[in-house]
Amino acid sequence: MKKLLILNASPKKRKSQSERFTAELLRHLDEGSYDIDKVYLYELNYSKYLFEQIATSDIVILATPLYIDCLPAKVLELFEDMEQFTKETFYETKPACYLIINCGFMEASQNNTAIEIVGRFCQRVGYRLRQAVSIGSGAMILETRQKSLVERAMCQLARTIEGREPLAEVISLNVKMPKFLFMSRSNNLWIQVGKKRGLTKGELKEGYYKAP
Ligand SMILES: Cc1cc2nc3c(=O)[nH]c(=O)nc-3n(C[C@H](O)[C@H](O)[C@H](O)COP(=O)(O)O)c2cc1C
């Protein structure tokens with residue numbers, strides 16, 4: 001049975017979009033063929049145990065949000081630590097790596113630099129980033145009628161992992177919606193989030209922060 005490790009890199013952990021996207025992927029994988037483990041990077045103090053777990057997996061899937069046009073700090077920390085670990089420890093086999101990245105902006109192309117960073121990291125440690133699913137409107141896409149785009153992309157990713165579909169390198173998902181509608185739906189979403197935290201629209205505009 002192949003060892004499949006999912007690294008969820010969202011600080012929102014189980015309540016993240018990354019979690020929902022990986023759940024969709026698992027729906028399409030023949031789970032009986034894999035020994036699946038999932039870890040939440042933001043729950044961990046990194047140790048040799050995690051590095052060994054990554055190095056000895058057959059398949060590693062990183063599911064992450066885009067943060068400030070890059071990757072969350074915990075991912076960058078992992079890359080640095082993992083690079084050091086692979087310099088000191090040799091493993092005959094290398095995991096096949098996959099990426100699911102989602103951003104808040106409409107265009108999946110916002111994720112391009114971050115995808116390149118993941119690819120470069122893989123190269124440095126002798127791994128290969130086999131395929132990335134790059135999702136625009138990540139916070140919203142599953143709430144639209146175009147959620148079928150996610151279903152199809154995750155089905156394709158599952159088939160690639162299982163060796164039943166040729167590599168596509170990057171599968172980009174862009175919601176088709178007029179920009180003004182996207183802006184208005186996004187604004188409403190944030191206003192609702194602010195409300196739950198006791199913030200008014202005006203306070204949100206001023207960049208007022210209230211800890212949860
Ligand atoms: C601190 C922070 C920085 C972000 N930076 C970007 C960004 O640069 N570009 C973008 O399109 N979305 C950005 N986003 C939006 C997230 O990528 C988006 O909400 C995503 O759906 C979160 O995924 P998750 O639920 O898996 O964490 C940012 C969100 C936060 C909280």
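A residue counts as near a molecule or strand if its C-beta atom, placed from the backbone, lies within 6 Å of it.

**View 1. Around the ligand.** By that rule, 17 residues surround the ligand, and the closest are Ser 10, Pro 65, Cys 103, Gly 104 and Phe 105. Sorted by class, this shell holds 7 nonpolar, 8 polar and 2 charged residues. (Ala, Val, Leu, Ile, Met, Phe, Trp, Tyr, Cys and Pro count as nonpolar, Asp, Glu, Lys and Arg as charged, and the others, Gly among them, as polar.) A word on what you're looking at: this is a predicted model, where local features need pLDDT of at least 70, side-chain atom pairs count only at pLDDT 80 or more, and totals for chains, interfaces and linings use all residues. Residue numbers start from 1 along each chain as its sequence is written.

**View 2. The whole protein.** Here you can pick out 7 helices and 6 strands. (Helices, H or I with at least four residues, and strands, E with at least two, are DSSP runs numbered from the N terminus.) Starting at the N terminus, the order is β-α-β-α-β-α-β-α-β-α-β-α-α. The C-alpha trace spans about 55 × 35 × 30 Å along its principal axes.

**View 3. Strands β1 and β2.** Strand β1 (residues 2-8) runs parallel to strand β2 (residues 34-40), with 7 bridges joining them. (Strands pair if DSSP finds at least two bridges between them.) Look for Leu 5, which sits opposite Asp 37 in β2. (Right-handed means that, with the strands pointing away from the viewer, the path from the first strand over the helix to the second runs clockwise.)

**View 4. Strands β5 and β6.** Strand β5 (residues 128-135) and strand β6 (residues 169-173) also pair in the parallel sense, over 5 bridges. Ser 134 faces Ser 172 in β6. To get from β5 to β6, the chain goes through helix α5 (residues 147-161), and this β-α-β crossover is left-handed.

View 5. Domain 1 covers 2-177 and domain 2 covers 178-212, with bounds from an automatic or database domain assignment. The contact takes 5 residues from domain 1 and 7 residues from domain 2, counting residues whose C-beta atoms, placed from the backbone, lie within 7 Å.

How values were computed: Two residues are in contact if their C-beta atoms, placed from the backbone, lie within 7 Å.
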